[in-house]
Amino acid sequence: MNERSTPGNPEVITRTKTDKKVKQPPLYRVLLHNDDYTTMEFVVHVLQSIFNHEEAEAQQIMLHVHRKGVGVAGVYMKEVAETKVEQVHALARSHEYPLRCSLEEA
């Protein structure tokens, strides 16, 4: 113990606040695009297997894509979003579907 620190009078350590805040990286929406060939079941499979949606939510997103032409599958940091797009395209190709997927800044 030093002179200023006594059992009844502990030292107070102060910290100065900085005005700098760490800027969050931008997020990107991963979009699925409707087409006339990819089955609804396959789109639900994609939403569950690649985007980890529960079946009910995957069904809702798929119906939105079907009715509106495009829908958001998920929102991620850029590198993750790019990987998800690549995974969708690879899975669609392997099943011979023309499913398109893209990303846009959120």
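Guide: Let us begin with a definition: the expected span of a helix is 1.5 Å times one less than its number of residues, and helices (H or I, at least four residues) and strands (E, at least two) are DSSP runs numbered from the N terminus. This is a predicted model, in which local features need pLDDT of at least 70 and side-chain atom pairs pLDDT 80 or more, while totals for chains, interfaces and linings use all residues. Residues are numbered from 1 along each chain as its sequence is written, and side-chain values use heavy atoms, without hydrogens and water.

Visitor: Which residues of helix 3 are called buried, and what puts them on the same side?

Guide: Buried means under 20% relative accessible area, exposed over 50%, and partly exposed in between (1.4 Å probe, protein chains only). Ala81, Lys84, Val85, Val88, Leu91 and Ala92 are the buried residues of helix 3. They cover an arc of only 135° around the axis, taken from the directions from the helix axis to the C-beta atoms, and therefore lie on the same side of helix 3. On the other side, Glu79, Glu86, Arg93 and Ser94 are exposed.

Visitor: What makes strand 2 and strand 3 the edge strands?

Guide: Two strands pair if DSSP finds at least two bridges between them. Three strands form an open antiparallel sheet in the order 2-1-3, where strand 2 and strand 3 each pair on one side only.
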